[in-house]
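Here is a structure to walk through step by step. Take a look at it before reading on.

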Amino acid sequence: MSTQRRTVLAALVAAGLPLHKALAADKIVLGFAQVGAESEWRAANTQSVKDSAKEAGIELKFADAQQKQENQIKAIRAFIAQKVDVIAFSPVVATGFGPVLREAKAAKIPVILSDRSVDEKDDSLWVSFMGSDFTEEGRRAGRWLVEKMKGSKDTVNIVELQGTTGSAPAIERKKGFEEIISADPKFKIIRSQTGDFTRAKGKEVMEAFLKAEGKKINVLYAHNDDMAIGAIQAIEEAGLKPAKDITIISIDGVKGAFEAMMAGKLNVSVECSPLLGPQLMQAVKDLKAGKTIPKRIVTQEGVFPMEVAAKEFPNRKY
Ligand code: AHR
C-alpha cells in the first residue's frame, strides 16, 4: 500500500470510520478498455497498466476489445453503468467514439485517452490524452531514410505496411513519413497496405508485395515492429537478405526489434514507449483528488539504428 493511501486511511479511521468502511470509501476504481493483444508493444502496455494499478492501490477493471471498436464501446458503456471513478482507453480507431464519450460526460465520469487519440472536435469529452506523437515518429522514420540515402540520385522504391486502418498511429505515422520523403522525388511509395499491426498480417502482405514487385523493392517502412518481423520472414523465404537487399525501418523499439537488429535483419526502429501505466495512475489519483491534469502529455522517445542495438539492449524495459 502506498504511503499516500496509508495517510488517507489513517485520517478516515481517526475521523471515526470503521476500517472496512474507510477502505471502501478510499478506493479508486479505474475502467480500462484496451485495444487487444495484437503486438509485443500492446502486451507491454497492458502489463504496465496492470502493474501500475496494483502498485498504486487502484482497483482496475480491464477489458480487452480484441481490436474491435464495438467491443470497446460495449466495455466503456459497462464501466459507465458500474459508475467507475475514471475511464481510460486506447481507441482502436480514431472515429465513432463521440456518442459513448458524451454518455461518459453526462454521467460525470472523466475519460483519459491513453496511447491513441480520437478524431472528435469537442475536446471537452476527455480530460487528458497521454501518449506518443505518432506524426513525429513518422517524421523520424523519414529523416533516418533521407539521411541513409543522401548522396544517391537513384530512385528509392518503398513499400509500406500500415497499421490498423483508421487508427491514429496508422494515419499519423503515414502522414509524418510522407511529409519528410516528399521533399525529394527520388522517394516513391510503390505499394501501401494495412498489416493490422500483427506479425501474421505483416508477413502475408509482404509476401504479396514481393510477388508483385520482386527485386524492385528497396525499402520497407512498417508502422510497427511486429509487422516488420513478420515481413523479415517473408523476405528470407523469398531468398532475399533483410536489411541488406531491402532496407527495413519500423516503429516501437520492442525487444523483438532489438533482437532482429542485433541479428543484422532490421536497420532501425523508431521508439514508441508503451510504459504509460505509472503516469496514468498518477493522473487518476490527481483527478480523484480534484486536481486539474494536463490536457496533453507527450511521451519522450528516441531512434535506435542497428549499430547501437547491442549496446542499448540491456537497458530495454519492454
Ligand atoms: O498505438 C500504438 C501502436 O499499437 C503500436 O505502435 C503498435 O505496435 C500497437 O499495436
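The paragraphs below go from the domains to their interface and then to the ligand.

This is a predicted model, where local features need pLDDT of at least 70, side-chain atom pairs count only at pLDDT 80 or more, and totals for chains, interfaces and linings use all residues. Residues are numbered from 1 along each chain as its sequence is written, and side-chain values use heavy atoms, with hydrogens and water left out.

Start with the domains. Domain 1 covers 3-131 + 274-299. Domain 2 covers 134-272. These bounds come from an automatic or database domain assignment. The C-alpha centres of the two domains are 33 Å apart.

Now look at the interface. Here 12 residues of domain 1 are in contact with 19 residues of domain 2 (contact means heavy atoms within 4.5 Å). By class, the domain 1 side has 5 nonpolar, 3 polar and 4 charged residues. Ala, Val, Leu, Ile, Met, Phe, Trp, Tyr, Cys and Pro count as nonpolar, Asp, Glu, Lys and Arg as charged, and the others, Gly among them, as polar.

The domains bury about 1,100 Å² between them, 51% of it on carbon and sulfur atoms. Buried area is the accessible area (1.4 Å probe) that two parts lose on being put together, summed over both. Glu-40, Trp-41 and Arg-116 supply 45% of the area that domain 1 buries against domain 2.

The interface holds 1 salt bridge (a side-chain nitrogen of Lys or Arg within 4 Å of a carboxyl oxygen of Asp or Glu). Glu-40 forms a salt bridge with Arg-199, with the closest N and O atoms 3.0 Å apart.

Turn to the ligand. Residues around it, with a heavy atom within 4 Å, include Trp-41, Arg-116, Phe-134 and Asp-252. A polar side-chain atom of Glu-38 lies 2.5 Å from a ligand oxygen atom. For Asp-115, a side-chain N or O atom is 2.9 Å from an oxygen atom of the ligand. The protein buries 100% of the 280 Å² that the ligand exposes when taken alone, by the Shrake-Rupley method with a 1.4 Å probe.

Methods
Polar contact = N/O pair within 3.5 Å; in protein donor to acceptor, adjacent residues only side chain to side chain.
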